[in-house]
Amino acid sequence: MASYEYDLVITNGICVTAADIASYDIAVKDEKIVLLAPSGSLAQADAEKIIDAEGGYVTPGGVDCHVHLEEPAMFGKGSSSDTYETGTRSAVAGGCTTIVGFAPQQKKEPSLLKALADTHAKAKGNSYCDYGFHMMVGNPSLEALSELKTLSENEGITSLKIYMTYAALQIRDDQILSVLLEARSNRMLTMIHAENGDVLNWLTDQLESQGLVAPKYHSTSRPPILEAEATNRAIALSSLIANTPILLVHVSDPGATLRIRQAQTAGQPVFAETCPQYLFLTRDDLDAPVFEGAKCVCSPPPRDKASQDAIWTGLRNGTFTVLSSDHCPFNYNDAEKGKMTCITAENPVGKFREIPNGIPGIETRLPLVFSSGRLALAKFVEVVATNPAKLYGMYPRKGSLIPGVSDADIVVWYPEGRRDITITNEILHHATDYTPFEGRQVGNWPRFTILRGKVVWDRDNGGVVGKKTFGKFLKRGASSLDRIWETVEEQGAFDVAAL
Ligand code: DUC
Ligand code: ZN
Ligand code: ZN
């Protein structure tokens, strides 16, 4: 077998990292980036494969740390349309090389380790990109809490998600405190879904009693104040447990954003995530004819135009650390497992309470935001790749282009002005029968996606050319963002007597 100096060279690209933008060539060997060299200097290198980026941008592969695949019914009446295979296939076609999905523990299960083992079995050998898991804690039993140590120290699971809503997952404030305390002592980051579940259930009852059950009332049942209140409560609870780091997921509301910013300004380890649905959709999208609005039912719901602007501002000014997809797909035209499970003869436009909450978006995340023109490119890379890798303990292996240390996870974009693409469901690679972004124009799309030096997506020659066996499980370390754990530990242990 011929042996080459490099496995892959990318020449003539404009490389963008969270730190800078510059023209240079990249050489890859044994799955790693090994050399950055002056632009064009590697055009004739001794390499098995040379990609001419033709002046297009080159970025680190996307890192999407909020992805739901193959999960049971928890967010309404349906269950996930994408498996690990189809979801990660869609991921690479959209420029994403790493995902972190969820290992869901149901309320009836006392143990987290069992949920983790079940999720490993689903993902192993079925992933086109690298992957990790967050624990989704539905039952913070003593047994579950006692398992956090082994999850963090032995299993590479350094984050967990808890919910302040959903019958299947909602936990009480005292349970939240127990989770935060245990997470703190095990250097685990707690992700929080902050909406007031009791209040939104009450509002839903009120709406139903007046026969207001169409999809658009999903938004009415979850006014912004419910998110702001729960966000404020989550921040208060974390401050009570000696500033345990938290991440508010899928933030949609300016009031919640402002509260998060205040906490950050006060020096609390409070992080936040937003998603494309809060940048590109509004509540009007839930008011489409008949049942079509169900395609945009997710929680929190998309808000108004002014809220979109506030979320963009929060991305630019650093309030949001990460931009994830919250890919949580359900088929639309599916009365067994999808959005239409809630349609009955009695409720021909469905009953929004039962519509499964969630939308697909793993493949459209990068193209939508890259071509929006609303984020500087270095900021784009920071929130879609570098910060997620740091926040979730994968940096610098993931999320950057550092020779000798970063995996060769790379996206090569088309040269500017070369492509105008209309998003339609036909061009996507998930196993879901719609996209909420149907008909939107984007000015660019990943031309090549490279995972550890292998081309896995070649848009013009074969499409998805990787295999479902390429993806590897990532054992993650503790978060390295902003020295969060060092800062927390400098404050000492939680001491109730000192409150
Ligand atoms: N929260 C999520 O994080 N994903 C989908 C449903 C939800 O409400
Ligand atoms: Zn959530
Ligand atoms: Zn989610």
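1. The side chains of Asp130 and Lys398 meet in a salt bridge, with N and O 2.8 Å apart; the term denotes a side-chain nitrogen of Lys or Arg within 4 Å of a carboxyl oxygen of Asp or Glu. Asp130 belongs to strand S8 (residues 130-136) and Lys398 to the loop between H13 and S14, so that the pair links distant parts of the chain, 268 residues apart. Helices (H or I, at least four residues) and strands (E, at least two) are DSSP runs, numbered from the N terminus. Asp130 and Lys398 are both buried, that is, under 20% relative accessible area, where exposed is over 50% and partly exposed lies in between (1.4 Å probe, protein chains only).

2. The model is predicted: local features need pLDDT of at least 70 and side-chain atom pairs pLDDT 80 or more, whereas totals for chains, interfaces and linings use all residues. Residues are numbered from 1 along each chain as its sequence is written, chains are lettered from A and ligands numbered from 1 in written order, and side-chain values use heavy atoms, without hydrogens and water.

3. The count of salt bridges comes to 30. One of them joins Asp407 to Lys32, with the closest N and O atoms 2.8 Å apart. Asp407 lies in the loop between helix H13 (377-391) and strand S14 (410-413) and Lys32 in strand S3 (residues 32-38), so this pair ties together parts 375 residues apart in sequence. Asp407 is buried at 3% relative accessibility, while Lys32, at 25%, is partly exposed.

4. Within helix H13, Lys379 and Glu382 are three residues apart, about one turn of the helix, and form a salt bridge at 3.0 Å. Lys379 is buried at 17% relative accessible area; Glu382 is partly exposed at 21%.

5. Asp82, in the loop between strand S6 (62-64) and helix H1 (84-93), is buried yet has no salt bridge, the nearest side chain of opposite charge, Arg89, being 5.8 Å away. For charge, Lys and Arg count as positive and Asp and Glu as negative; His and the chain ends are not counted. The side chain of Asp82 reaches the backbone nitrogen of Ala431 at 2.7 Å.

6. Residues surrounding ligand 1 (a heavy atom within 4 Å) include Lys161, Tyr163, Asp326 and Cys328. A polar side-chain atom of His66 lies 2.9 Å from a ligand 1 oxygen atom, and one of His193 lies 3.3 Å from a ligand 1 nitrogen atom.

Methods. Polar contact = N/O pair within 3.5 Å; in protein donor to acceptor, adjacent residues only side chain to side chain.
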